[in-house]
Protein chains: 2
Amino acid sequence: MPNEPDPEQRSKISKAEFEELAFALRTRILEAQFALRRQKRPVIVIIGGLDGAGKGEVVHRLNEWLDPRGVETHAFLGKTSEEEQKPRFWRYWMATPAKGRMAIFFGSWYTGPILRRVNGTLNKEDLLGTLERTRKHEKMLKDDGVVLVKFWLSVGRRTQEKRYQRLIDGEDYRWRILPLDWEHYSKHEKFASVAAQVVEATNTLDNPWHVISARHPTNRDCGVGEALATALEEAVKEGELASIGSPGGWQLGDRQRLTVRNHLAQVDLAATLDKKDYRRRLAAAQDKLNGLMMKAWNERIPTVLAFEGWDAAGKGGAIRRLVNAIDPRLVRVVSVAAPTKEEKDRHYLWRFWRDLPRAGCMTIFDRSWYGRVLVERIEGYASDVEWRRAYAEINEFESQLLEAGITLGKFWIHISNEEQERRFESRSTDALKRHKITDEDWRNRQKWSAYEDAINDMVGLTSTKECPWTLVAGNDKRYARVHVLEAACVMLEAQMKGL
Amino acid sequence: MPNEPDPEQRSKISKAEFEELAFALRTRILEAQFALRRQKRPVIVIIGGLDGAGKGEVVHRLNEWLDPRGVETHAFLGKTSEEEQKPRFWRYWMATPAKGRMAIFFGSWYTGPILRRVNGTLNKEDLLGTLERTRKHEKMLKDDGVVLVKFWLSVGRRTQEKRYQRLIDGEDYRWRILPLDWEHYSKHEKFASVAAQVVEATNTLDNPWHVISARHPTNRDCGVGEALATALEEAVKEGELASIGSPGGWQLGDRQRLTVRNHLAQVDLAATLDKKDYRRRLAAAQDKLNGLMMKAWNERIPTVLAFEGWDAAGKGGAIRRLVNAIDPRLVRVVSVAAPTKEEKDRHYLWRFWRDLPRAGCMTIFDRSWYGRVLVERIEGYASDVEWRRAYAEINEFESQLLEAGITLGKFWIHISNEEQERRFESRSTDALKRHKITDEDWRNRQKWSAYEDAINDMVGLTSTKECPWTLVAGNDKRYARVHVLEAACVMLEAQMKGL
């Protein structure tokens, strides 16, 4: 195990020593906490460890030492039915603190895998897969500026036994524990061995564990306090350096392509559909989709469809035909605009996690997380490093949705530059559509070729085998709408067959 | 039934007529929607009616007519386990749109009571109680500037029968309905009669129903569109008038007391506790509280404790002693500071609804919804009418929590003016407490007597029989902490006995 506590156990810290140490630690921790708040850095402190290590006591201690404003403790008690319906990391995403705030995770994404490995519902291989996902999740947080401090409270069999005995005897009057903990006691060896593997596998350079011996409660608390103070102070320094360094290093780089293939050129924009065929195929596809969504509801399969496309490509019209086919209780359209304050204060993927559908329902995103590698790339809202790493982050995000059994489709509706101009002109004179066209839309037209590059990169880098892009020829609206509906049906059908 | 549609049914609108009408309606609706967005008014449109009236079709139609940005449809499908654990209005609170946004409620707070009255799980008296609560809820929304438009789609037995038949025959290919609707068909008479009572009882002057005949779908949609356009346009006008009128009429009024009794004067600030007694009673109370919270967890009883008090009265210390007694997975402290943008964009009670505990857990509010009648009253953040009506709103809020089985306690920690000064001085020189004292705290001391008035009014106007204030003598910290802990135990015990 990494960072193993000194095998020569330090002797027990006396009460007087503790008070002196605690005062010094608290001063350091408070100062670092305020500095990070000013830097608008989010902090997550994970308290892990076997039962009997005193995780709860440590959580209480930290809450006592920290300034309580802006600190939230999250316990992740048994999943609610909503949590059961969502991908595994959903509840951790929802608990992620906003910028300048702090979260203490009592239990975390580590708890489930360890428990399931011990009771045998997770095999060794799947555990490794889970840990790989965990490393990626933590890296993504770190990349986004989250200060992540992970504690593992290590406890030997004898110490655990002693603590349980004290609890049984009622000596620790105010520290009764929930019944669910008790069953773990008998499996100490197995727990310890799985935990060691997990800690080893996730002790990365970026996000190392602090392993603290839980043998003596006062030593344990001082150990946690010391490591926390140091970690927070380092983060403060890091933040100061970054704020000096960033204007030079994080400047928006050159606009060159990351990939070479021109995916857009392969879309046959001449494709059309006559009115009669349109009506027939649209009706048939809507009928089919209606039935498939009923089935999805019955089988509790969630669906996510993401729509991207040029301004005026006809996303809205295509989405409306989709929505009209579905019982409105089962479908929700999320229009993605500039992020709100709440959204800006978090990772850019946060709001999409928040809006995932419940089981059996569909969320349609009108614009999506791909904004990161489109508008944010072009306009420089995301720095060069930020949008460059987004492709991998997005692939991981989508992979988690697929793993959770979500039917996932993504559509790019393509039109030619000339067709866009024609539509802009006609919108400007249409009473009902005038509000849809702004000066900014005209300005964006100037950046057509930069967008072309970004779109081709996006399609190239995020078309995975499990979730390829559907490129839709949009010059003919009828053709595009039918294409979208029929493709959505194919996706839903494939998912149901797969079950 | 009020606003009954003309018994002489208008003849069916032809397709050509419809397209003309729809164009005109859409223009009006869009314009009003944009105006309300600029005015930052939230809009809720309720679509109610018996099954077969075409609620879903109307929802689709409105989504087609409205600008989709900033519009959310909420369906309130079967409750999730989280929703089951919360008071009845919780999910409607969570779905309440922010300022400038719009929500279409497909189903609403009306659905449950009607269903339960029809299937007999709600008796007539309880139905009336529920409707009273509904009227208050709608009034509160209206008072806060929400534009609430309620539609009841009325459908006769014959029309309903015809529509069901078409569905069975598959003629309405894309309009299959979820199985759950079918069972209602056989009880048409009963549904119609309960619905008529409900609509009658909630057809208030402030929030009237628009009853629309659902016999002909096109007529129905035009009727809804017409009424919606008119209602939104009226709200726009109202908003324009309010923005002109408000500086005069809504000015912060005089500071006179609303009630006469001096509750604070009755607190015995001389009460003290010596160190030995303190230790003994604190330990005993913590022990007891720990056990009670275990029991609350097992019996799924949620607890809410609200703490108010003078600056430096010792709220934090008292809360810490409470929290330390409880398994940290079961308790959460919410520090209430100035509202965030997200919170400001909603009713002031919204964030407290959001943070209600899950079943078996406790939420401690460090400052609470009483800010409305304390700091917001004193500083003029709430207008005169706003804070004056807040007492009734708060009583209603708390009454709903109690009805949902939540253990609810509220504490005012009282200290003398001199004691506060002493503590401010000592905080200024304490390394760990320096951050707790700001210039604003010193400024607030100037307003002591205005606060005294506000506190006495608050205690007088919100000490209900079911949920009285606990006034705590805080000059002696030991006495205050023990008082709080022991009082919390009494509340929890009383709640468990009551079950």
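So, helices H5 and H8 of chain A: how do they sit relative to each other? Keep in mind that this is a predicted model. H5(A) covers residues 111-118 and H8(A) covers residues 188-201, and their axes come within 10 Å and cross at roughly 135 degrees. Angles over 145 would count as roughly antiparallel and 65 to 115 as roughly perpendicular, so H5(A) and H8(A) end up oblique to each other. The crossing is right-handed, by the way.

Which residues make that contact? From H5(A) we have Pro113(A), Ile114(A), Arg117(A) and Val118(A). H8(A) brings Lys190(A), Phe191(A), Val194(A), Ala195(A) and Val198(A). Sort them by class and you get seven nonpolar, no polar and two charged.

Okay, on to helix H18 of chain A, residues 448-462. With 15 residues, H18(A) reaches 21 Å from first C-alpha to last, close to the 21 Å expected. Ala454(A), Ile455(A), Asp457(A), Met458(A), Val459(A) and Thr462(A) are its buried residues. And what covers them? The cover includes helices H14 and H15 plus strands E9 and E10, again from chain A.

Last stop, the other chain. Here 49 residues of chain A are in contact with 49 residues of chain B. Several elements of chain A supply at least two residues each to that side, among them H1, H2, H11 and strand E7. Which one gives the most? That's H10(A), with seven residues. By class, chain A's side has 20 nonpolar, 15 polar and 14 charged residues.

Conventions: Residues numbered from 1 in each chain as written. Chains lettered and ligands numbered in written order. Predicted model: local features only at pLDDT ≥ 70, side-chain atom pairs only at ≥ 80, totals over all residues. Helix = DSSP H or I, 4+ residues; strand = E, 2+ residues; numbered from the N terminus. Expected span 1.5 Å × (residues − 1). Buried ≥ 20, exposed ≤ 12 C-beta atoms within 10 Å, placed from the backbone. Contact = placed C-beta atoms within 7 Å. Nonpolar A, V, L, I, M, F, W, Y, C, P; charged D, E, K, R; others polar. Axes fitted to C-alpha atoms, helices over the stretch in contact; angles between N-to-C directions. Parallel < 35°, antiparallel > 145°, perpendicular 65-115°, else oblique. Left-handed = near helix turned anticlockwise from the far one by under 90°.
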